[in-house]
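Good morning, and thank you for coming. I shall take you through one structure, part by part, and I ask you to keep it in view as I speak.

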Amino acid sequence: SGKWAQAVTILREFEEKCGTPISKLKQVADAMTVEMHAGLASEGGSKLKMIISYVDNLPTGDEKGLYYALDLGGTNFRVLRVHLGGKEHHVVKQEFEEVSIPPHLMTGSSDALFDYIASALANFVATESEGLHFSPDRQRELGFTFSFPVRQTSISSGTLIKWTKGFSIDDTVGQDVVGELTKAMERIGLDMRVTALVNDTIGTLAGGRYNNPDVVAAVILGTGTNAAYVERAHAIPKWHGLLPKSGDMVINMEWGNFRSSHLPLTEYDQALDAESLNPGEQIFEKIISGMYLGEIVRRVMCKMAEEAAFFGDTVPEKLKIPFILRTPHMSAMHHDTSPDLKIVATKLKDILEISNTSLKMRKVIVELCDIVASRGARLSAAGIVGILKKIGRDAVKDGEKQKSVVSLDGGLYEHYTKFRTCMEDTLVELLGEEVSNNIVIEHSNDGSGIGAALLAASHSQYT
Ligand code: ADP
Ligand code: MG
């Protein structure tokens, strides 16, 4: 019927606008490299903040002792205790506990939030086993993974630029978050020093490097997306400090905020952005990351319902609710291998209250998921190639066999298999077989927590 043809036209137009041929991806990768240069040249020189992390030494494997880490990045936070055994023994033991943040604390006062965190930490410290007691003259040390935008002022201090991800506590903004945590620990009599403040990308990079000396960059594909990499300090014009002994400096790119005229943006992305909490910001993140992929699918489905009566004469009420279709739901539909697409039918019914879908309709939905996921995955690959170009690892020099490893982490990468394989295949497509043989994508399982503990160790006041 005409309606069906209309729906297919909407799908095809969307597909065309989402197109990521290799030529376009190369332009995106080049634009990423250009913006990296601009962000390193001057503060505010690019949409990419290219934040100097003050991490100029990554873990070597020699780190020894008992260290704590705190990972605050979403609705949960985790406390970790890591026993490092040095070169021979590596991580002897690790323990962690996950604690959820009560919603009222996400929008309350700074003291209330940090008191809560400090007391959870104190409870965890109290479970330290007998044999591991610290000598009384030695302070416990902590690496703090804090995944919100921070203006770093040293390895162990930084002021909060703004809250994101549902947090909104006015009196923390502009404050040193390490100072806030330290004051809270003092209030409850917990004697502990924060020796490293990092975000999840830096933690993942540090954790990755600990296991593999060839790690050069880390990428997070989770609710949001970001990347960090090792830069040569003399290639950072905006850095006016002393050149570190290592010659290296880790850069937190904040690549979620990347944008370029080469990005394939559609009317649906524009509307999503305009109606978001941060219009005009985080454009790369809004077409790649787990927070948004399902929502883009919903928006296209909505258009098909409105203009082509795809689900019948009325638009299903549930389909009108922003963010009702989460990326894990989309992923489940996309991976449905049953001959009658049973899972697609179930998801449509359970989440959107759409029943009686035909197999033909379900196939359209799967194709829609594929278009959205492929675009995100291929653009992520282009971003990684942009980093490899910046550090000169995108070509084979004199038959060299130097490996470059990129540590990946985040729920999207971990659980969305089609996204992950598409990203990895696209990397090979972009770099060619020969170069690809030297590029390794490695899942850094929970690198960010251990990474923070490792950085706490390498920045210990006692070494
Ligand atoms: P965060 O980024 O908040 O630190 P994670 O790295 O665990 O947390 O990523 C969580 C995100 O990963 C979710 O918001 C979701 O978008 C995505 N995700 C989780 N599970 C799946 C899944 N099965 N399929 C696709 N995406 C998933
Ligand atoms: Mg995370």
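Let us begin with one pair of residues: Tyr68 has Leu142, in strand E5, as its bridge partner. Please bear in mind that this is a predicted model.

That pair leads us to two strands. Strand E2, residues 64-72, and strand E5, residues 140-146, are paired in the parallel sense, over 5 bridges. Both belong to an open sheet of 5 strands, whose order is E4-E3-E2-E5-E8 and whose pairing is mixed. Which strands stand at the edges of this sheet? They are E4, residues 91-100, and E8, residues 192-198; each has a single partner strand, so one side of each is left without a neighbour in the sheet. On average, neighbouring strands here are turned by 20° against each other, with direction ignored.

Next, the helices that accompany the sheet. Helix H5, residues 110-125, packs on the sheet and touches E2, E3, E4 and E5. The direction of H5 makes about 35° with that of E3, the strand at residues 76-85. Helix H6, residues 177-187, lies across E5 and E8, and runs at about 160° to E8.

I turn now to a later part of the chain. An unreviewed UniProt entry annotates residues 217-457 as the domain "Hexokinase C-terminal". Over these residues the chain is 48% helix and 12% strand, and the end C-alpha atoms lie 21 Å apart.

How many residues surround ligand 1? There are 15, and the closest are Gly222, Gly290, Ser331, Gly411 and His415. Two elements give two or more residues to this shell, namely helix H11, residues 327-334, and helix H14, residues 411-415. By class, the shell holds 4 nonpolar residues, 11 polar residues and no charged ones.

Tyr54 is not a glycine, yet its phi is positive, at about 70°. Tyr54 is placed in the loop between strand E1, residues 51-52, and strand E2. Is Tyr54 buried or exposed? Tyr54 counts as buried, because 21 C-beta neighbours lie inside 10 Å, and the cut-off for a buried residue is 20 or more.

Glu254 likewise has a positive phi, of about 50°, although it is not a glycine. The loop that holds Glu254 runs between strand E11, residues 248-252, and helix H8, residues 267-274. With 23 C-beta neighbours inside 10 Å, Glu254 also counts as buried.

Notes:
Residues are numbered from 1 along each chain as its sequence is written. Chains are lettered from A and ligands numbered from 1 in the order in which they are written. This is a predicted model: local features need pLDDT of at least 70, side-chain atom pairs count only at pLDDT 80 or more; totals for chains, interfaces and linings use all residues. UniProt positions are given in the numbering used here, feature names are shortened, and annotations may be inferred rather than shown by experiment. Helices (H or I, at least four residues) and strands (E, at least two) are DSSP runs, numbered from the N terminus. Two strands pair if DSSP finds at least two bridges between them. Axes are lines fitted to C-alpha atoms, for helices over the stretch in contact, and angles run from 0 to 180 degrees between N-to-C directions. Two residues are in contact if their C-beta atoms, placed from the backbone, lie within 7 Å. A residue is near a molecule or strand if its C-beta atom, placed from the backbone, lies within 6 Å of it. Ala, Val, Leu, Ile, Met, Phe, Trp, Tyr, Cys and Pro count as nonpolar, Asp, Glu, Lys and Arg as charged, and the others, Gly among them, as polar. A residue is buried if 20 or more other C-beta atoms lie within 10 Å of its own, exposed if 12 or fewer, and partly exposed in between; C-beta atoms are placed from the backbone.
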